Amino acid sequence: MAISAADSNPAIVWFRRNLRLSDNPALGAAIEHAGENLICLYIFETDDTLRPLGGASKWWLDKSLRTLKTDIEALGGRLILRKGKANETLAKVVQESGANAIFWNRRYDEAGRTIDAAVKSELKAQGLTCESFNGSVLTEPWTQKTGSGGYYKVYSPYWRSVQKAYQPEPVAAAPSKLLSNTLASDDLESWALHPRSPDWSTGFDADWTPGEHGAAARLNAFLSGPVSNYGNDRNRPDLETSTSGLSPHLAFGEVSPAQIWRATKLRVETGQIDAKGAQKFLSEVAWRDFAYVLLFHNPQLASENFKPDFDGMPWEGNADQLKAWQQGRTGYPIVDAGMRELWHTGWMHNRVRMITASFLTKHLMIHWRDGEDWFWNTLVDADPASNSASWQWVAGSGADAAPYFRIFNPITQGEKFDVSGDYVRKWCPELKRLPRKFLYQPWKAGPLILREAGVELGANYPHPIVDHSEARTRALAAYETLKERRDAA
Ligand SMILES: Cc1cc2nc3c(=O)[nH]c(=O)nc-3n(C[C@H](O)[C@H](O)[C@H](O)COP(=O)(O)OP(=O)(O)OC[C@H]3O[C@@H](n4cnc5c(N)ncnc54)[C@H](O)[C@@H]3O)c2cc1C
């Protein structure tokens, strides 16, 4: 039975990566327990076992918390902000508020799970009700099992299993009114979440509206049309709406995969959208779940090769080339366009993520960990599971990975997927007057064409930092070395 009396003990809702009020299972359970008498709490965790958030993620967190705070205040409540170790902070808030219950949505990285397990047993031992929920994935990483009882390491059978098993839970209750309280709260400004020296986030506002409302608007816009063409367009970085752009909203739990699933299925059932496009879209959402399966069963996914065979890879690690890649100065326009898009918007189209990651690990022979780290710091959607699983997938060391010898050709990939050429022209404007024939390989254009297009190689656009076919040969040779080392071991 729901309680709403102000004199009952409050319940704490510990917001983490579920920064939304609608269909939030932990919040719904807290409402069931304590009605309007909730302590809405966000902790900026300082436990040193947790991987610190990257700069772009902190920018997003700042904006998302502001929205959540406004929404909670509009209902009469408060968002309490605290910084510190989770167990110590929670113990203090329990003591200060007299809360007798705490609810949160689960996380799946090892450091987070370890903290949560300790917090749960400490608080339960003190007699508090302590419950956790799934608010972040379709199915939790331990639920889909192969015939032999293991976890899936190949995506297609995993997806078949999810489709058979998955039933979205009933929608969780959202608050219509909240009680206020007098607990101390940090000022968000004091957390200084914007990147510094340099603050490269100044352009992010133009592309993103962090928070639950921005997430709902984006989902609605995508389901109102573009999703029907998703099967055909999803690989095209030159189209604004070829993909949903929901990833940062999902990363911060401003929308859940369950909400996406229900909304998409409803539009299919009511004949508003193409069923095939919708199915393809949901299958990509399930890739995110799959990455969590891999992370859950391989906690070191961000630092260790999923396939230990790769430990013998002779990486080169040239610091100047790493910098050129980070700064979008490799001389390969599709790679440079992607890296510049990432820097300016905090996001990069999936096709171009694959091309740039392949270029780093194969053309430059730089360890995938360096790329993962750069993406971790610069992506607004940086996700502990998807980022490491995807980097390892491209590098060839991951589960169900692209074979190492599949080396993306940055010239033909550009020609094929940047169909209109608008993507490279937008992010490499110094090349925009080049004829399309040379847009992905400006060094092939003769001096007259370059002059007419205003391109001066080595001056306003770099020469390629490696030769494509030489780099390819070197990468394949490195792979042979790896195989020899493995066979000799
Ligand atoms: C090297 C590399 C690094 C990546 N790092 C991240 C990361 O840190 N965070 C992240 O969310 N995604 C990551 N991805 C996956 C993918 O590129 C993004 O999820 C996608 O580009 C987000 O854009 P969208 O929301 O428009 O995707 P859509 O195509 O609209 O897909 C809908 C949702 O499905 C999920 N999804 C789609 N593709 C994938 C995929 N391949 N793997 C996992 N989930 C997927 C995302 O949550 C996405 O928001 C990475 C991919 C590569 C190749």
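A polar contact here means a pair of N or O atoms within 3.5 Å. Keep in mind that this is a predicted model.

| Residue | Protein atom | Ligand atom | Distance |
|---|---|---|---|
| Asn-350 | polar side-chain atom | oxygen | 2.7 Å |
| Asp-381 | polar backbone atom | nitrogen | 2.9 Å |
| Asp-383 | polar backbone atom | oxygen | 3.0 Å |

So how much of the ligand does the protein bury? On its own the ligand exposes 820 Å², and the protein covers up 95% of that. The space that the ligand takes is the largest pocket.

Now for the shell. There are 27 residues around the ligand, and Tyr-230, Thr-243, Ser-244, Gly-245 and Asn-350 come nearest. Sorted by class, the shell has 14 nonpolar residues, along with 8 polar and 5 charged ones.

Which helices each supply at least two residues of that shell? They are α9 (247–251), α11 (275–297), α14 (350–363) and α16 (384–395). With 5 residues, α11 gives the most.

Finally, the domains. Why does the ligand lie between domain 2 and domain 3? Domain 2 (137–168 + 211–297) and domain 3 (308–484) both give residues to the shell, so the ligand lies between them.

Conventions. Residues numbered from 1 in each chain as written. Predicted model: local features only at pLDDT ≥ 70, side-chain atom pairs only at ≥ 80, totals over all residues. Heavy atoms only, no water. Near = heavy atom within 4 Å. Polar contact = N/O pair within 3.5 Å; in protein donor to acceptor, adjacent residues only side chain to side chain. Areas by Shrake-Rupley, 256 points an atom, 1.4 Å probe, with all protein chains shown as cover. 1 Å grid on protein atoms, 1.4 Å probe; cavity = no way out; pocket = protein on both sides within 12 Å on 5 of 7 lines; lining within 4 Å. Sits in = over half its atoms within 2 Å of the grid points. Helix = DSSP H or I, 4+ residues; strand = E, 2+ residues; numbered from the N terminus. Nonpolar A, V, L, I, M, F, W, Y, C, P; charged D, E, K, R; others polar. Domains from an automatic or database assignment.
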